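Please look over the model below before reading on. My notes follow it.

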Amino acid sequence: MKSVLFLKSALVTLAVAPMLLSVPAQAQTPSAAVTAAVADKARPEKDVQQDAVRHPAELVAFAKVKAGDVVVDVWPGGGYWSRLFSTVVGPKGKVYAYVPAEITGFKSDPLALAKAISTEAGHGNVEATSYPAAEQPASDMVNKVDVVWTFENYHDLHDSFMKGADVNAFNQAVFKRLKSGGYYIVADHAAAAGTGLKNTEDLHRIDPAAVKAEVEKAGFVLDGESTVLAVPGDDHQLKIFDPAIRGKTDRFVLRFKKP
């Protein structure tokens with residue numbers, strides 16, 4: 001009888017093991033604070049117009065950003081995510097709008113755009129920063145950050161205009177800045193499975209498996225995936241700026257955790 005029970009137990013363990021090893025796609029219910037931040041009437045109209053394709057409430061909730069957090073928004077662009085994080089973390093929190101030094105010479109002047117965010121009402125907790133992508137943090141920034149976020153720009157770290165930036169060193173720097181238990185969120189345009197880094201420059205897409213391999217190499221553990229930006233009809237063959245697909249690309253969202 002004991003041998004039969006043992007056998008049943010072993011079979012159950014074998015059946016459950018694959019589920020324990022896999023990380024299912026996850027949805028997160030936005031908190032009242034996140035919902036209020038998205039609904040804030042003070043948000044620029046240009047930001048609000050992007051909500052339909054960015055699903056901010058769901059993604060900020062997925063990133064687990066909360067009041068009092070320290071957040072690094074990598075490559076903040078026009079400040080869409082930095083503003084939302086600023087409102088959610090509140091006066092006791094901090095948002096670093098980080099512009100890689102390799103792109104500060106762009107015509108759009110991304111560093112000036114980042115600096116302008118802190119001058120806006122209610123966003124005084126935003127600080128623009130810039131340093132080379134592979135630069136390791138000073139001692140006062142080690143284990144100090146709750147969430148590092150990069151949206152649709154991780155693939156660019158591999159491109160020629162980044163002047164050979166070491167992506168592995170970048171991920172290691174992110175790991176060092178985060179607190180134990182902190183989150184690293186990577187959202188980007190999906191390339192076809194198995195293509196690795198092949199299409200980062202021409203199509204501006206990246207294989208999710210390549211991102212997982214690089215980030216996990218730095219010591220992170222995959223903690224969750226969101227399909228809120230997934231588009232099954234995208235065959236991953238067109239450049240993301242192609243009029244036929246722009247704004248309708250298949251995108252993945254990965255949440256990694258520092259043990």
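1. Basis. This is a predicted model, in which local features need pLDDT of at least 70, side-chain atom pairs count only at pLDDT 80 or more, and totals for chains, interfaces and linings use all residues. Residues are numbered from 1 along each chain as its sequence is written, and side-chain values use heavy atoms, with hydrogens and water left out.

2. Thr104, location. Thr104 sits in the loop between strand 2 (94–100) and helix 7 (110–117). Helices (H or I, at least four residues) and strands (E, at least two) are DSSP runs, numbered from the N terminus. Thr104 is partly exposed, because its relative accessibility is 29%. The scale: buried is under 20% relative accessible area, exposed is over 50%, and partly exposed is in between (1.4 Å probe, protein chains only).

3. Thr104, surroundings. Neighbours within four places in sequence aside, Thr104 contacts Val99, Asp109, Pro110, Leu111 and Ser130. Contact means heavy atoms within 4.5 Å. Ser130 is 26 residues from Thr104 in sequence, yet their C-alpha atoms are 8.1 Å apart. The Thr104 side chain also reaches the backbone oxygen of Ala101, at 3.0 Å.

4. Lys64. Check the backbone here. Lys64 is not a glycine, but its phi is positive, about 65°. Most residues other than glycine have a negative phi. Lys64 lies in the loop between helix 5 (56–62) and strand 1 (70–74). With a relative accessible area of 29%, Lys64 is partly exposed.

5. His236. This non-glycine residue, His236, also has a positive phi, about 70°. His236 belongs to the loop between strand 6 (221–226) and strand 7 (251–257). Is His236 buried or exposed? His236 counts as buried, because its relative accessibility is 18%.

Methods:
A polar contact is a pair of N or O atoms within 3.5 Å; within protein, one must be able to donate a hydrogen and the other to accept it, and residues adjacent in sequence count only if both atoms are side-chain atoms.
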